[in-house]
Structures are given as structure tokens and as C-alpha cells.
Amino acid sequence: MNVFLWHVHGSWTTSFVQGHHRYLLPVLPERGPDGLGRAATWDWPGTAVEVTPEQALHEPIDVVILQRPEEIVLAGAWLGRRPGLDLPVIYVEHNTPPDPTGNTAHVAATIPACHLVHVTAFNATYWDNGHVPVTVIDHGIVDPGYRYRGDEASACVAINDPVRRGRAVGADLLPFFADRLPVSLYGMRTEPLGGEDLPQYRLHDALATHRVYLHLSRWTSLGLSLLEAMHLGMPVVALDATAVSTAVPTDAGIVDTDVRVLRDAAAELLRDPERCIQLGKAARAAALERFGLARFLGEWDTLLEEVAA
């Protein structure tokens, strides 16, 4: 099929474009958020094709994938056809709703004939989806392979935009953990907090040198960096929020709502490299089973066929 979508979330799109379809990615000269095109730091196949606005108007499109509210209008302008009326449409929601009480109505309910995909069952439950058809497709990860070394007695965490996103991603908890143990921060725009922004191929090697992976987000969707760390074979210490408890089994790390328990657990694991290896291997096995790429692409193939029909 010809699948039209914007490059919005690099890690998710990296997995999505590994399928057997042709993926048409809007591109503009300035490569801003509405025309980013192909990724510069991820390995994408040749079937992920950049299209200009002029080219998009003449492309045969089987399914449009929307990921932001503004794309409803954008897609109509780029394609000269209206998602849901002239073209089959799927809306992928990557995030938790802004209102944690579950009272946020999802914009997909306003799009004719739209099918809504949530990336976690938690998100599907907490959004008000109206009467739109909903499918949950758990994340799939391009397996980076077992790389765990853990030779640095330290913890690490990967967060994008921690200054802007603040408490939602647990940025305020970093000093609390750093008071007790060494913590390295990675991610986009982490430099103000002493972090480092690395391309994915370097990030995986960097994470694997640390003994423990921290996941401190309070109100975000299930972080792909957490699942990538599990694929690497890292033991996990994670705040029990949103979908984390369903993704991290008890033999893969420590999950709790008490940050004091988590800090103590992380400090103890730094002193026990053998246990870290055991937990990390269990984490990798769980991640491969639940968040494997083949399962992810298979579920997407089924949905694309259904919606395109």
C-alpha cells in the first residue's frame, strides 16, 4: 500500500516504516515539523519516500495516518483530498490525555470514518474516544540486540525536552536520585540539565554501559526509550505510572509508586552487578515477547488492510 504520514515521532516511525508498504513522508525545504521528511539519525529503508506538496497531490494514497490535530487540515491541503471522506484515515494517538480524569474528548471522533489507534491500553482507557472505532497496537521495537555491559556503577535515564515537560517526565526527580547515586541523563534538549543528546546508534551503546536504567515519568505514554533499554538487556527501576506496570514484569526490575523505594533499589542494584545481569536478561526476554517488531508490523498490516478496504 501507499501510506501517507508525517514524520512526527522518530522512534515510533522507525519501527512503522520497516513494513512491506511504501511510506510517503511530507518534506519541505526547511524540514520543519510539517515537512521533516526522512530521519537523519535513524536507519530507514528505501520504501520510506519523501514527497513534496506538488508530488503528494498526484500520489495514489491507500491510507492516511494522522498523528496531530492540525494534520486534518494539512493532509487535505497536501493531498487535495479529505481524510475520511476521500481517503481512508487512521489517527494514531501517542500520548496520554492532558486531563488525567479521563474527560478529554479525542479529536478523532470528529473525523468522518476515522479509526483511532492507541499505543497502550492505558491511553485507550483514559481518553474519551467517543464512538470512533479503537484499536490498541502496542509498540514494536527494532531489536538493537543484547548489548548490556553495566561496567559503570551508575544509573541512566533518557528523556526528551525535560526542561519544558518538567514533572510529567519526572525531571524534578533527577536531583533526588542524584543525591544518592550517579545518574547520567540523555535525550534531546537535555543540555541545560547536564545531559547529552546522542543519535540512536550511539545512544544504545552509551545506555548499555550503565548498570541500571531509570524510568521516572509520571504522566506520559509508555516511553520507547524504556522498551529499548529492556531490549538492550538493562535492569529497570521505574515509577509505577500509566502503563509501566504492564510492561515491566517483576523479574525484570523494580516498579513502585514510592520514589524512596526506587532510589534505595537503584542504589542496591549498583552494588549487585550479578543481579543486574539476571534482571536485564529477563527484561530483554519480556520486551522481545511483548514488543517485538514482527508482532507490531503484523497487527498494523491487519488494520491497514481493514481500513483501506
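**Exercise 1.** Which residues lie nearest the centre of the largest pocket?

*Solution.* The model is predicted: local features need pLDDT of at least 70, side-chain atom pairs count only at pLDDT 80 or more, and totals for chains, interfaces and linings use all residues. Residues are numbered from 1 along each chain as its sequence is written, and side-chain values use heavy atoms, with hydrogens and water left out.

Step 1. A pocket is an open set of points on a 1 Å grid over the protein atoms alone, where a 1.4 Å probe fits, with protein on both sides within 12 Å along at least five of seven lines; lining residues have an atom within 4 Å of a point.

Step 2. The largest pocket has 47 lining residues, and His9, Ser11, Asn160, Arg165 and Met188 lie nearest its centre.

**Exercise 2.** Classify the ring pair of Trp12 and Trp300.

*Solution.* Step 1. Rings of Phe, Tyr and Trp (its six-membered ring) pair if their centres lie within 6.5 Å; planes under 30 degrees apart count as stacked, over 60 as edge-to-face and the rest as tilted.

Step 2. Eleven aromatic pairs are counted by this rule. For Trp12 and Trp300, the ring centres are 6.1 Å apart and the planes stand at 75°, so the pair is edge-to-face.

Step 3. Ring pairs also join Trp12 and Trp300 with Phe16, Tyr23 and Phe296 in a cluster.

**Exercise 3.** Is Trp12 buried or exposed?

*Solution.* Step 1. Buried means under 20% relative accessible area, exposed over 50%, and partly exposed in between (1.4 Å probe, protein chains only).

Step 2. Trp12 has a relative accessible area of 2% and is therefore buried. Trp300, at 2%, also counts as buried.
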